[in-house]
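Hi everyone, thanks for coming. Let me put the structure up, and then we'll walk through it together.

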Amino acid sequence: MKVLVTGASGMIGAALCDALLARGDTVVGLTRDPRRARSTNPSVVWHPWEPTLERPPAEAFENVDGVVNLLGEKINQRWTDDAKRRIMESRRTGTRNLVGTIASLPNKPKVLINQSAIGFYGDRGEAIVDESAASGEGFDAEVVREWEAAAREVEASDVRLVIVRTGHVLDASDGLLAELLTPFKLGVGGPLAGGRQYMSWIHIDDEVGILLWALDNERVSGVVNATAPNPVTNRELSQALGRALHRPAVMPVPGFVLDLKFGSEFGAVLRGGQRVMSRRALDLGYEFRYTDIDQALKSLV
């Protein structure tokens, strides 16, 4: 296949590009800074694009079979007014501009895989939710609704659409796990804000696996949750990470510390959680490599 990837230099994008190239696919990347991106992965054909200002160039889509849209300003930061604008528009406007180019092409790609997030569901406490659940409340849920609505515009062009609502991706080099490793290795790690909130996680290998599976399988469409079948609480994740590192995991981080670091609005999101099930991925035949949190963390650390 020839696959175009946005967000190709991010944690998930870089791993996906490596997997595509390893199986013999051709990869095209859209980026704000092609020179820097080429030094990161010279095997990708890079094209410049400012996602919130313009549509991507049509020539980047020549003979492209599928598109994977992983674009988005990082969510784990202090939610100032400017940050919230970037978080929203990088997803809503960037995706709308991407879809606009796809719609204008005489030869369109067969499929768009659009990244999304379980933030769609909002804070659900201990309630079990799957793809049939309604959207929740809060800025994170609003962002995901707008993001998905922009992606759904591609369906008018008769392009298969898969929306992948991703949970907490576990990768030792970036994201949540990378932030936790240092304090846990020093023996001062522990649960966040009481640790009762559910954290629906997924190993980076399964995140990439679901994206490839969605690309390759024509019967996969609509919303798919990308979360391991066994979500855990923050306390359970902390204990598992302690076991993997052979370190104690008994130093709790009070909720007010999250507010000090990230502000009260995003701090409230971190104190909440979702107990998400990947019902459609399992029903459609995806086989997870990592279903147990101990198994996943041991493979990574």
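Predicted model: local features only at pLDDT ≥ 70, side-chain atom pairs only at ≥ 80, totals over all residues.

Residues are numbered from 1 along each chain as its sequence is written, and side-chain values use heavy atoms, with hydrogens and water left out.

Okay, the sheet. Seven strands make an open sheet with parallel pairing, in the order S3-S2-S1-S4-S5-S7-S11. Helices (H or I, at least four residues) and strands (E, at least two) are DSSP runs, numbered from the N terminus, and two strands pair if DSSP finds at least two bridges between them. Which strands stand at the edges? S3 and S11 (222–226) do; each has a single partner strand, so one side of each has no neighbour in the sheet. S11 is joined to S7 (residues 160–166) by five bridges, and Arg165 has Asn225 in S11 as its bridge partner.

Helix H6 packs on this sheet, touching S1, S4, S5, S7 and S11, and its direction makes about 170° with that of S7. Contact here means heavy atoms within 4.5 Å; axes are lines fitted to C-alpha atoms, for helices over the stretch in contact, and angles run from 0 to 180 degrees between N-to-C directions.

Now the core. The largest nonpolar core has 53 residues, and Val5, Leu16, Val68, Ile113 and Trp213 have the most contacts inside it. H6 (residues 204–216) gives the largest share, eight residues. By nonpolar core I mean buried Ala, Val, Leu, Ile, Met, Phe, Trp, Tyr and Cys residues joined through side-chain atoms within 4.5 Å. Buried is under 20% relative accessible area, exposed over 50%, partly exposed in between, with a 1.4 Å probe and protein chains only.

Take Val44, in the loop between helix H2 (34–40) and strand S3 (45–48). Buried or exposed? Val44 is buried, at a relative accessible area of 5%. Beyond its neighbours within four places in sequence, Val44 contacts Cys17, Leu21, Val27, Val28 and Gly29.

Last, the helix pair. The axes of H5 (residues 175–185) and H7 (residues 234–245) come within 11 Å and cross at roughly 60°. Among the residues making that contact are Leu177 and Phe184 of H5, and Leu237 and Leu241 of H7.

That's my tour, thanks!
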